[in-house]
Amino acid sequence: MPSGSDKLYTGSKDKNVMVWDCQSGQAWNTQTSMDLSLNGPVGQVYALVVGNDLLFAGTKDGTILAWRFNAVENRFDPAATLKGHTLAVVTLVVGANRLYSGSMEIYKSQW
């Protein structure tokens with residue numbers, strides 16, 4: 001959960017990313033809901049992190065997808081697609097204005 005936010009972001013094996021309102025307990029399927037929408041991710045999501053006003057998702061195919069929340073239209077807009085890993089991205093950390101990722105490979109990437 002991002003600092004100062006009442007939203008919790010989750011990813012699951014069924015390929016859905018959900019946004020939970022911690023005040024009401026209501027959840028939105030970000031791929032199909034009219035309340036909030038999120039294009040992608042494709043495939044299983046293994047890691048999610050929020051930082052620098054962006055939501056990042058690490059996927060099974062090694063892609064990292066990023067979205068920025070558009071408060072005017074109440075939706076997530078795609079911000080970036082990062083490719084470089086060849087195996088699943090299993091951890092993401094935002095720190096020092098950078099995104100650090102770890103995958104099933106034997107090396108680490110810094111974005």
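Mentor: Start with Met-104, which is exposed, with a relative accessible area of 55%. Exposed here means over 50%, so Met-104 at 55% falls in that class. This is a predicted model. Met-104 sits in the loop that joins strand 9 (98–103) to strand 10 (108–110). Together with Tyr-46, Leu-87 and Val-90, Met-104 makes up a nonpolar patch on the surface, and the four have about 360 Å² of accessible area together.

As for the overall layout, the protein has 0 helices and 10 strands. Read from the N terminus, the order of elements is β-β-β-β-β-β-β-β-β-β. Of the 111 residues in the protein, 39% are buried.

The largest pocket has a volume of about 160 Å³. Two elements each give two or more residues to its lining, namely strand 5 (54–59) and strand 6 (64–70). Strand 6 gives the most, with 3 residues. The lining consists of Tyr-9, Val-50, Asp-53, Leu-54, Leu-55, Trp-67, Arg-68, Phe-69 and Phe-76. By class, the lining of the largest pocket holds 7 nonpolar residues, no polar ones and 2 charged ones.

Asp-53 is not a glycine, yet its phi is positive, near 65 degrees. Asp-53 belongs to the loop between strand 4 and strand 5. Its relative accessible area is 66%, so Asp-53 counts as exposed. Asn-52 is in the loop between strand 4 (45–51) and strand 5 as well. Asn-52 also has a positive phi, about 55 degrees, although it is not a glycine. With a relative accessible area of 44%, Asn-52 is partly exposed; the class of partly exposed lies between the buried cut-off of under 20% and the exposed cut-off of over 50%.

A last point concerns the start of the chain. Asp-6 is found in the segment before strand 1 (7–11). Its relative accessibility is 27%, which means that Asp-6 counts as partly exposed. Asp-6 and Ser-24 are 18 residues apart along the chain, and their C-alpha atoms are separated by 9.7 Å.

Key:
Residues numbered from 1 in each chain as written. Predicted model: local features only at pLDDT ≥ 70, side-chain atom pairs only at ≥ 80, totals over all residues. Heavy atoms only, no water. 1 Å grid on protein atoms, 1.4 Å probe; cavity = no way out; pocket = protein on both sides within 12 Å on 5 of 7 lines; lining within 4 Å. Points joined across faces, edges and corners; volume = space filled by probe spheres on them. Helix = DSSP H or I, 4+ residues; strand = E, 2+ residues; numbered from the N terminus. Nonpolar A, V, L, I, M, F, W, Y, C, P; charged D, E, K, R; others polar. Patch = residues over 30% accessible without salt bridge, like charges linked within 9 Å, V, L, I, M, F, W, Y side chains within 5 Å. Areas by Shrake-Rupley, 256 points an atom, 1.4 Å probe, with all protein chains shown as cover. Salt bridge = Lys/Arg side-chain N within 4 Å of Asp/Glu carboxyl O. Buried < 20%, exposed > 50% of the residue type's maximum accessible area, 1.4 Å probe, protein only.
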